[in-house]
Amino acid sequence: MPLPTFDRLPEEKKNRILQASYEEFILYKDNYEKASIKRIAKNAGVSIGSMYQYFKDKTDLFLYLAQYYTLAPNQDPANDTLIERTQKQVEFLHDLPQDSRHNQLNGVLRKNGHAILYPLLANYLIENAMFKDILGYLERDKEKGLIRDSVDLEMAAFLYLACDVLGYTYTEHIPESSDQDFEDAMLKLGDLIFHGIYKSS
């Protein structure tokens, strides 16, 4: 996720960086390894040194970009439970046109999951702003009495976010998998997280 220096940039400069990043990742959608921070910096009109003051590396930038085009606009963190947030997110993504930036970046992830998602799981997940966001939902849900006292909330937030990695890994084994296959996998994983595997005794 971006370093504090990125958040302090003027909106116009942020947008130039995001636009150049989007174009680079789509250009190299079939080979993420070839996408270059150096070219992104040049096309955005910033120095490569500045780019590393805004993002740790290429994967950090890609993950932020993917998240930027993914969040549903109608979320209400103060009142929604994590289940409600998830339902809104799934509905929002389901209704996006096929050529939306989210779906195009999703295609990059599906084709390059090993290069993007495994580093995410190993290096970025707990540092991710989304981790803090999900942890906040879980803390509020626990205060409302919706979560068992024995649940480790940090572990639950990690597991929730790791579902992205699991969903992409699962759909990699489906020939010619589509966004719908990924969406179905995410719904099934969500059901396992929120409702468990075994019947309650």
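Reply: Helices here are DSSP runs of H or I with at least four residues, and strands are E runs of at least two, numbered from the N terminus. The model is predicted: local features need pLDDT of at least 70, side-chain atom pairs count only at pLDDT 80 or more, and totals for chains, interfaces and linings use all residues. Residues are numbered from 1 along each chain as its sequence is written, and side-chain values use heavy atoms, without hydrogens and water.

The search finds 6 salt bridges (a side-chain nitrogen of Lys or Arg within 4 Å of a carboxyl oxygen of Asp or Glu). Take three of these pairs in turn.

E12 pairs with R16, and their closest N and O atoms are 2.7 Å apart. Both sit in α2 (residues 11–27), separated by 4 residues, or about one turn. An α-helix has 3.6 residues a turn, so residues three or four places apart point the same way. R16 is partly exposed at 30% relative accessible area (buried is under 20%, exposed over 50%, partly exposed in between, with a 1.4 Å probe and protein chains only).

Next, a link across the chain. K111 bridges to D30, with 2.9 Å between the closest N and O atoms. This pair joins distant parts of the chain: K111 is in α7 (residues 101–124), while D30 is in the loop between α2 and α3, 81 residues away. K111 is partly exposed at 46%. D30, at 55%, is exposed.

Then R85 and D133. Their closest N and O atoms are 3.9 Å apart. R85 belongs to α6 (residues 82–94) and D133 to α8, so this bridge ties together parts 48 residues apart in sequence. R85 is buried, at 4% relative accessibility. D133 is partly exposed, at 26%.

Stay with α8, which spans residues 129–143 and also holds E139. With E143, D152 and E154, E139 makes up a negative surface patch. Patch members have over 30% relative accessible area and no salt bridge; like charges are joined within 9 Å, nonpolar side chains (Val, Leu, Ile, Met, Phe, Trp, Tyr) within 5 Å. Asp and Glu count as negative, Lys and Arg as positive, with His and the chain ends not counted. Each charge is placed at CG of Asp, CD of Glu, NZ of Lys or CZ of Arg. E139 itself is partly exposed, at 39%.

Technical notes. Accessible areas come from the Shrake-Rupley method with a 1.4 Å probe; for residues, only the protein chains shown count as cover.
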